[in-house]
Amino acid sequence: MIKEFDLAKILKTALKNGGEFAEIYAEETESTQLVGEEKRIEKILQGIDRGIGIRVIHNLQTAYGYTNDTSEKALMGLAESVSQAV
């Protein structure tokens, strides 16, 4: 999902206001749910949850942001926001 992104640039942006540590967390979960009643399947639900989070630590305090927009532009914006929070 984020392999093609310039992760060093994103982390540098997250740290630019004095953070001591930053990390990027990407998640993608697929799920299938079967709903049954009286020994029959009523419906099948499928879904994908996908998103990216950035955490920055500064002076033993943590700032965290999360987005489900998995574009590099959105991730840079998130890094900027989290950077300002510290």
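**Exercise 1.** Which strand does Y64 lie in?

*Solution.* Start with the ground rules: this is a predicted model, where local features need pLDDT of at least 70, side-chain atom pairs count only at pLDDT 80 or more, and totals for chains, interfaces and linings use all residues. Residues are numbered from 1 along each chain as its sequence is written, and side-chain values use heavy atoms, with hydrogens and water left out. Now find Y64: it lies in strand β3, residues 61–67. Strands are DSSP runs of E with at least two residues, helices runs of H or I with at least four, numbered from the N terminus.

**Exercise 2.** Work out how α1 and α2 are oriented to each other.

*Solution.* First, take the geometry: helix α1 (residues 7–15) and helix α2 (residues 72–85) pack at about 25°, and their axes are 7 Å apart. Axes are lines fitted to C-alpha atoms over the stretch in contact, with angles from 0 to 180 degrees between N-to-C directions. Next, angles under 35 degrees count as roughly parallel. Therefore α1 and α2 are roughly parallel to each other.

Technical notes. Parallel < 35°, antiparallel > 145°, perpendicular 65-115°, else oblique.
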